[in-house]
Amino acid sequence: MSRIHAGQPLPSAALDPDWFVAVTTAPRKQCTLTASIATMRRAGWEPVVFAEPGATKCNAHTIVNPSRLGVWRNWLASAEYALANTSAKRILTVQDDSLFHPDSKAFVDAIDWPARNAAFVSLYTPKHYSKGRSVGINRVKTRSLWGACALVWDRHALAKVVRHETAKTWLGASPKSGQGVYQKRRDNPATIANSDTAIGKIINALGMSMWFIDPSPVYHAAEYSTINHGGNDGRRNCGRCADHDQPLADQVWPKR
């Protein structure tokens with residue numbers, strides 16, 4: 001597999017006319033990238049990795065950032081790359097600590113898009129998004145978004161998100177330690193994070209909807225955050241996690 005510098009095109013053999021899978025990765029105390037890629041391949045996807053300096057090397061096509069971009073700008077760069085360099089109808093953006101049910105791709109390929117204004121279908125459903133809801137593909141209304149681990153995007157919706165003014169001006173979630181933090185982030189954009197919050201805010205501003213598969217086909221594997229946000233317990237994981245040894249469709253629609 002190739003290691004490619006930002007701005008260079010991928011080999012044509014790496015491009016799927018229907019799918020593009022963009023995985024963002026950064027150095028971790030405990031590597032999860034290799035396991036994540038293995039589960040994507042088992043599901044039928046060939047991912048492209050967008051790697052920060054010092055990130056784990058892997059056996060996948062990799063776009064190497066020449067300098068650190070940070071959580072938000074690396075996600076944005078991966079989405080912009082997918083839109084500019086492929087014609088894929090569906091774009092899957094993935095964080096490198098996501099472990100996929102083997103039926104994930106086949107399941108998404110088989111379903112109808114849940115709504116005309118649906119921006120994405122999430123393959124990861126955090127614990128509190130299951131509360132009070134039955135299994136299935138559920139719309140969740142939230143002021144922002146929690147957990148952008150594995151989002152299957154409508155191409156046109158993703159294009160609107162990356163072009164939105166908030167995407168250009170995002171400085172991260174409101175700081176608890178005073179407004180001076182914003183200036184520090186302007187001075188060092190690689191510290192700008194909270195990509196899930198930004199995505200949710202933009203989708204709401206666009207009047208689009210967010211949908212989540214439950215039980216969650218993706219398990220949030222990392223025990224250590226790359227930006228010190230804590231581990232993968234409580235609300236930082238799925239509450240109803242799909243059994244990866246059982247057919248996914250039977251768990252999402254048990255009465256069918």
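So, leaving aside its neighbours within four places in sequence, which residues is Ile-199 in contact with? Keep in mind that this is a predicted model. Setting those sequence neighbours aside, Ile-199 touches Trp-72, Trp-75, Phe-120, Leu-145, Ala-148, Leu-151 and Trp-153.

Okay, the helix next. Ile-199 is one of the buried residues of α8, along with Ser-195, Asp-196, Thr-197, Ala-198, Gly-200, Ile-202 and Ile-203. After α8 comes Gly-207, with a positive phi, near 75°.

Now the core. The largest nonpolar one has 40 residues, and Ile-199 is among those with the most contacts inside it, together with Phe-20, Phe-120 and Trp-153. Who supplies at least two residues each? That would be β2, β3, α2, β7, β9, α5, α8 and β10. The largest share, 7 residues, is from α2. There's another core apart from this one, with 34 residues, including Ala-43, Ala-55, Cys-58 and Val-218.

Last stop, Thr-25, which sits in strand β2. Is it buried or exposed? Thr-25 comes out at 3% relative accessibility, and buried means under 20%, so Thr-25 counts as buried. Its side chain has a polar contact with the side chain of Asp-96, at 2.6 Å.

Definitions and conventions
Residues are numbered from 1 along each chain as its sequence is written. This is a predicted model: local features need pLDDT of at least 70, side-chain atom pairs count only at pLDDT 80 or more; totals for chains, interfaces and linings use all residues. Side-chain values use heavy atoms; hydrogens and water are left out. Buried means under 20% relative accessible area, exposed over 50%, partly exposed in between (1.4 Å probe, protein chains only). Helices (H or I, at least four residues) and strands (E, at least two) are DSSP runs, numbered from the N terminus. A nonpolar core is a set of buried Ala, Val, Leu, Ile, Met, Phe, Trp, Tyr and Cys residues joined through side-chain atoms within 4.5 Å. Contact means heavy atoms within 4.5 Å. A polar contact is a pair of N or O atoms within 3.5 Å; within protein, one must be able to donate a hydrogen and the other to accept it, and residues adjacent in sequence count only if both atoms are side-chain atoms.
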